[in-house]
Amino acid sequence: MKTNHLSNLLKKLTSPPGLSGYEESIAQEVESLWKPLVDDLSRNRLGSVLGFRAGSAEAPRPRLMMVAHQDAIGLMVSGIKEGFLRLTEIGGVDQRILPGQLVQVHGKRTLPAVIVQPPSFLLPPEAQEGSVPLSYLWADTGLDEKEVRRWVQIGDPVSFSRNYLELGADYVCSPSLDNRASLCALTLCLQELQGRKHAWDLWAVASTQEEETLGGAATSAFQIQPHLAVVIDVTHASGPGSPSHKAYPLGKGITLGWGPTVHPRLYEAFKDLAEKLEIPYKMEAMPRYSGTDADRLQTIAEGIPTMVISLPLRYMHTPVEMVSKKDIQRAARLLAEFAATLDIDFMDKIQWDETPKS
Amino acid sequence: MGRNTEILNQPTIMPEQMRVLEKLCNALAVSGNETEARRLVMDQIKPYVEEMRTDALGNLLAFQKKESRKTLRVMIAAHLDEVGFMLTSEEDREEGIYRFELVGGIDPRWLAGKPVQVGAEHAKGVIGCKAIHLTTAEERRNPFTVDGLRVDMGGGGKAKVGDWGTFATPFQKIGGSIRAKALDDRIGVATAIELLKYEYPDLDLLVAFTVQEEVGLRGAKVAAHALNPDLAIVLDCTPAYDLPLQIEDSFYPPENEKYNTRLGHGPAIYLSDRATISDPRLVAHFVQTAEKLGIPYQFRQAGGGGTDAGAIHLQRAGIPSISISVPGRYLHTPASLVRIADWENTLRLVYHSLQRLSADVLQTER
């Protein structure tokens, strides 16, 4: 796999803003990338993109769902005063990263703007010290009030300005790498599966609204009724600010989730496969929740055995998120190998111990 | 605005002037490391000066004419340097993670989550921060400090301790505004470059592109001593705090009365700041020029702050000085904002004031 190819793909996938609930731009990009890679392409009612590849075994075939969310965090216009825009958040944003951020206001026209922290003397005493709450920050478009009112209205999404950087030999830095890096891995997986046979039916899902409701993956799972599901998302990479016990080194391998969200036999299958393929991994302990689509997805319908694969990422939910290209390749390869080598009777192998074998 | 023959040939902001300002703003030239900006200026002014030299501190001193033929020697000063940071310690060589310290007055609350550029090659990096998922609500009320942040170059070995850096914000024209880093004071530098292209009947123009303004007006001090002018005009960029007041309390005034300057209201003429009281004869001259030619202007609200004039006016036996600034929002942050019309009106006001300036201005007692 050429790293140039990966960079181009990642650049394409990080370009559209696609904030949670406003995902047309990223959904269209995913559709154009997946079209040549799948037998059928559709949209779920809430907006998730579903790609289907028919398996080679005799019908009826079991179904594997592989899901990465396509939506991104950002902001929204909640008010306009004297030409300045008031903002509210879409997904979780730390107010401390906002002053000085370049953004795009997606109004009737897309307008560049900058988020600013007003001088202290214009703020009430309780907001003068410490970090200034989002409710006191403004976005300034550089336009006068009349122009602003012409192009912008309350409810317009506001995304971080795109700024794709390659750092060193292996790192990439951009807004929305959570979770476009995983979407990139899923797309590379579909490319690797070109010309390869797989017994199972495969569903690739670019899910919607993960950052707000986890609703895209859950409703897609209800529609697809998969026998197994694999969620690909990002986890915290070690680096400045990250507590070492909750983070994984960047570029040194992926993580395999372990905890109540993950089916233990499925974990073992991925672990064995990673070892066989010599793909470096770390177990990521998820003692309560995974913090991914998997948390809702596992309880859809009668329950779905679910796996979580994660890419370490620095500075999550900032415009300078950082990932390793190698880790993306590793996740893609592991996914593709898993999908291609799934036995038709795999479900029999992941029974709980106490289930009587027939 | 009245139209007369004087105005037809006046300086104007054209795409050419915008391109020069863009290059200047995108240059990385933090106090103490002004080389990149100085070289850009030298290239621009070469056709218009008979002599230029770089002094011991790095000031670029430019002379329209070699020999002083006229009586009035007028110094124009605009500072080359910008605020930024220096890498001070290598924390992780393999990952390219550095501690840094600020150069000039930057509020640390603007630092986190920004792309930066470091060194002569403008190597890209970021100032990251802890992910929101790993913080508590209480933690998020406390701002990040410089000690708690790092510059992350993502490996690659393109930076080293001692390198200077700035925010990596690209210059952008937005409608009638310009959004860029370092408009303070590259817009003053661009204005001074433009002024050198014209001739003035009754004076010699001596231009100092100064260094180290942001760390204590150091360049201007020695430049003024060396040039020994009759008077000085400092071109800078001053804060516009013209944002809505967000206090709903009868104790406070109902609107923002402490805006310092306002965008769109023309060049800001200084009366006094923390460092200088402008020479009233020069203030009167600039005001008369603006009134006569119908150029909009505003007085910068007296108060804090300071420009190179603070150092210049105290040199030798004293140098009558005034500062004229383009008003700019969000100076010393990743992205400052000015109006193009304010820049053009500043350029025109200074140009016409120089055209009308002669030794007479200092004949009256102040």
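**A walk through chain B**

Start by selecting residues 60-63 and 203-210 of chain B: these are strands E2 and E12, which pair in the antiparallel sense over 4 bridges. Keep in mind as you click around that this is a predicted model. For a landmark within the pair, pick B:Ala62 and you'll find B:Val207 of E12(B) standing opposite.

Now widen the selection to the whole sheet. E2 and E12 of chain B belong to an open sheet of 8 strands with mixed pairing, and the order to follow across it is E1-E2-E12-E3-E13-E16-E14-E15. The edges are strand E1 (51-54) and strand E15 (298-300) of chain B, each of which pairs on one side only. Going from one strand to the next, the twist averages 25°.

Then bring in helix H6 (residues 218-227) of chain B, which lies across E2, strand E3 (72-79), E12 and strand E13 (231-239) of chain B. H6 runs at about 155° to E12(B).

Finally, zoom out and color by domain. In the domain assignment of chain B, domain 1 takes 5-82 + 181-362, while domain 2 takes 84-167. Their centres, taken over C-alpha atoms, are 31 Å apart. Where they touch, domain 1 of chain B puts in 12 residues and domain 2 of chain B puts in 12 residues. On the domain 1 side of that contact in chain B, expect 5 nonpolar, 4 polar and 3 charged residues.

Conventions
Residues are numbered from 1 along each chain as its sequence is written. Chains are lettered from A and ligands numbered from 1 in the order in which they are written. This is a predicted model: local features need pLDDT of at least 70, side-chain atom pairs count only at pLDDT 80 or more; totals for chains, interfaces and linings use all residues. Domain bounds come from an automatic or database domain assignment. Two residues are in contact if their C-beta atoms, placed from the backbone, lie within 7 Å. Ala, Val, Leu, Ile, Met, Phe, Trp, Tyr, Cys and Pro count as nonpolar, Asp, Glu, Lys and Arg as charged, and the others, Gly among them, as polar. Two strands pair if DSSP finds at least two bridges between them. Helices (H or I, at least four residues) and strands (E, at least two) are DSSP runs, numbered from the N terminus. Axes are lines fitted to C-alpha atoms, for helices over the stretch in contact, and angles run from 0 to 180 degrees between N-to-C directions.
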